[in-house]
Amino acid sequence: MNTMNTMKPIKLFLAVAVLLAACTPKVDSDKYLIDGHLQNIPDSVVIKLFAQNNGRLMRVTEDTVYDGHFSFSDTISDIKQLFLVIQDDRFTPTKLPVWVAPGEYVRVNGRDNVHMAWNVSSDLAEQNDQNTLQEYSMDARREFTSLFLEAVATEKQWSAKIREGVNDTLILAKYRSLDATAMQTLTRMMEAEIECMATMPHSRVWMTTLLEYAMIANVNPESLPNSEGLKALYNTLPDEVKQSEEGKSINQFLYPVKSVEVGDDMADATLYDVDGGTHTLSELAGRYILLDFWVSWCSPCIASFPELKEVALAYADSLTVVSLSVDTKQMWAEYVRENALEGNQWNELVPEFTGLAARYKVNSYPHYVLINPEGKVIAKWLGYDEGLLWKNVNAYLK
């Protein structure tokens with residue numbers, strides 16, 4: 001046996017391993033590094049990094065691609081899910097999940113504008129689970145990108161014709177067909193991942209994905225009609241997991257409570273003020289109640305505040321305005337204090353689209369509910385324009 005020949009592959013393997021280790025940047029123990037390497041992507045493209053807060057994506061920072069490279073680094077104390085988002089006509093408005101942790105180096109490789117299919121690699125088990133789902137739905141991801149971008153281009157052609165005074169119905173029909181097919185493909189992508197989850201253990205990624213898809217099925221059932229598949233996954237959870245906060249949220253999305261309609265008795269719950277005091281709507285019995293469901297990132301919500309205050313003062317003898325924020329506790333309390341908001345600033349402190357928001361079918365903001373002194377819902381409306389609050393309240397309180 002030729003010992004020298006046997007040793008050559010071993011030495012080569014070790015040399016490659018040492019080289020790879022030397023090429024991996026060292027990351028501080030209290031930071032993460034997302035290192036992006038792209039091909040066929042223009043330098044002008046801006047990559048945005050988002051975090052999820054109470055089910056809502058919140059922008060963290062951004063970086064512009066230069067010479068095929070982008071990067072993000074920040075301090076972190078625990079493992080966390082972040083998202084890469086590209087708001088550019090050459091990409092789809094979708095997100096790519098990236099898991100980070102203290103001391104973790106995360107490499108992102110992409111060869112085209114299908115960023116939903118970019119490869120994310122790290123030593124984190126969560127990222128490996130995320131990649132398993134991504135691989136299972138890869139065909140649908142690529143097909144969706146192609147259809148969506150073609151639909152956007154077709155819609156621009158139609159808009160250009162309209163500006164020229166020509167209503168080209170053939171282009172419009174093509175756009176609608178492409179858009180509908182793209183949405184069907186997105187649904188197929190999610191359903192593929194639901195199918196994949198049936199073969200996976202109940203990991204953190206598994207729970208995060210189930211919660212996200214349960215919320216989508218509840219708020220927008222047309223885009224994800226496979227609620228039975230989600231329920232089947234939920235029913236595989238141990239009882240102690242079902243009783244966790246995440247498990248309870250999934251349950252509320254999959255098995256929603258009966259909604260309150262005009263003419264029904266109002267729904268009530270324990271509500272909190274910024275000092276930790278508790279309240280209920282029933283304590284306001286005998287008065288009209290105007291519920292204002294709002295969130296701090298909603299510009300129409302913020303724009304409505306002056307008029308809401310005017311209405312509350314004008315009808316102070318008979319009407320109580322209750323501002324119900326759906327922000328997380330910290331975001332809500334900070335916003336109320338920093339902006340010196342007055343009146344009944346309350347929060348149920350439950351996940352978005354659950355609790356009273358679910359009972360009153362709130363899925364966008366601002367959302368208003370008017371209740372009479374007998375505790376009956378007499379009106380509901382969505383959105384804000386100047387004068388709308390006066391008009392709607394005056395219709396019932398004269």
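A: The crossing of helices H5 and H8 is left-handed; a crossing has that hand if the near helix is turned anticlockwise from the far one by less than a right angle, and is right-handed if clockwise. Helices here are DSSP runs (H or I, at least four residues), numbered from the N terminus.

H5 brings Met207, Thr208, Leu210, Leu211, Ala214, Met215 and Asn218. H8 brings Glu246, Gly247, Ser249, Ile250, Gln252, Phe253 and Leu254. By class, the contact of H5 with H8 has eight nonpolar, five polar and one charged residues. Ala, Val, Leu, Ile, Met, Phe, Trp, Tyr, Cys and Pro count as nonpolar, Asp, Glu, Lys and Arg as charged, and the others, Gly among them, as polar.

The model is predicted: local features need pLDDT of at least 70, side-chain atom pairs count only at pLDDT 80 or more, and totals for chains, interfaces and linings use all residues. Residues are numbered from 1 along each chain as its sequence is written, and side-chain values use heavy atoms, with hydrogens and water left out.

Now the geometry. H5 spans residues 204–219 and H8 spans residues 245–254. They pack at an angle of about 25°, with axes 8 Å apart. Axes are lines fitted to C-alpha atoms, for helices over the stretch in contact, and angles run from 0 to 180 degrees between N-to-C directions. So H5 is roughly parallel to H8, a label for angles under 35 degrees.

Elsewhere, Cys298 and Cys301 form a disulfide (cysteine sulfur atoms within 2.5 Å). Their sulfur atoms lie 2.4 Å apart. With 85° about the S-S bond, this link of Cys298 and Cys301 is right-handed.

Conventions:
Helix = DSSP H or I, 4+ residues; strand = E, 2+ residues; numbered from the N terminus. Parallel < 35°, antiparallel > 145°, perpendicular 65-115°, else oblique. Contact = heavy atoms within 4.5 Å.
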